[in-house]
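Open the model in your viewer and keep the selection tool ready. The tour below goes stop by stop.

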Amino acid sequence: MKDPIAYSRAQIALHWIIVVLMLGQYLLHGGIEAAWGARMDGSLPNEPFPNPHAIVGIIIFLLAIWRIALRLRVGAPALPEKEPAALKAVAKLTHLAFYVLLVGMPISGALAWVLGLELPANAHGVAAKVMLALIVLHVAGALFQQFVLKTGLMERMSPKQMMQKSGS
Ligand code: HEM
Ligand code: HEM
């Protein structure tokens, strides 16, 4: 793994594509929840069928795998020097938890949907809440860095960076 001075174009693009798809998953899960409820109470056969939430979730899974592979291959820029050690630790843990959940959520969702099992569905529901709490923490951290610590952190992940450089 290298120690780059910036995120690559692909890393920045994947970050924002995943953010948009995740927003969709949180805003539009009513359909799969209704279908899931009907499968569980027996008003629909307990069998999987193509559903937009499941399809977008699988796309997120594939993009997350690509993103993790890139992270392992090209690394990430060091956290800002000005950032207090405790915040650095929280940031690193949050990023790790994101990668785990970006892979774990689609797997738990797929296990529930394909096999018709309640346990992974419950895990999926809990993971959805943990993910949401981490997103709030992550955005608060990014804004704190940008406007209070003034580390210029937002520029590192800015799509403008993509226009200015080449990379994997
Ligand atoms: C990262 C990708 C995903 C995200 C962020 C996500 C998010 C969510 C959210 C927020 C809910 C509502 C949970 C609740 O209010 O309790 C939900 C429910 C559900 N999702 Fe996903 N999901 C993802 C991937 C998938 C995939 C790939 C599948 C299936 C192939 C799936 C199947 C389900 C099912 C069956 C439910 C209803 C059961 C339940 O409430 O746990 N999800 N999902
Ligand atoms: C679904 C929502 C989000 C997820 C899953 C997510 C995930 C991540 C992950 C995993 C990283 C670490 C990249 C690495 O070093 O490997 C990261 C970095 C970053 N994210 Fe997000 N993010 C989300 C939303 C946002 C939003 C809404 C903002 C803007 C306010 C944002 C701003 C940033 C910034 C500035 C960085 C760079 C941090 C650094 O260089 O240390 N993210 N994001």
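What span should the 12 residues of H2 have, and how far apart are its end C-alpha atoms? Select H2, residues 30-41. At 1.5 Å a residue, H2 should span 16 Å, and its end C-alpha atoms are 16 Å apart, which agrees. The expected span is 1.5 Å times one less than the number of residues. Helices here are DSSP runs (H or I, at least four residues), numbered from the N terminus.

This is a predicted model: local features need pLDDT of at least 70, side-chain atom pairs count only at pLDDT 80 or more, and totals for chains, interfaces and linings use all residues. Residues are numbered from 1 along each chain as its sequence is written, while chains are lettered from A and ligands numbered from 1 in the order in which they are written.

Stay on H2. It is hardly covered: 1 of its 12 residues is buried (20 or more other C-beta atoms within 10 Å of its own, C-beta atoms being placed from the backbone). Step just past H2 to Gly-42, which takes a positive phi of about 85°.

Next, select ligand 1. Around it are 23 residues (C-beta atom, placed from the backbone, within 6 Å). Ala-54, Gly-57, Gly-109, Gly-125 and Ala-128 are the closest. H1, H2, H3, H4 and H5 each give two or more residues to this shell. H4 gives the most, with 7.

Last, move to ligand 2. Its shell has 20 residues, with Met-22, Ala-76, His-95, Phe-98 and Met-157 the closest. H1, H4, H5 and H6 (153-156) each supply at least two of the shell residues.
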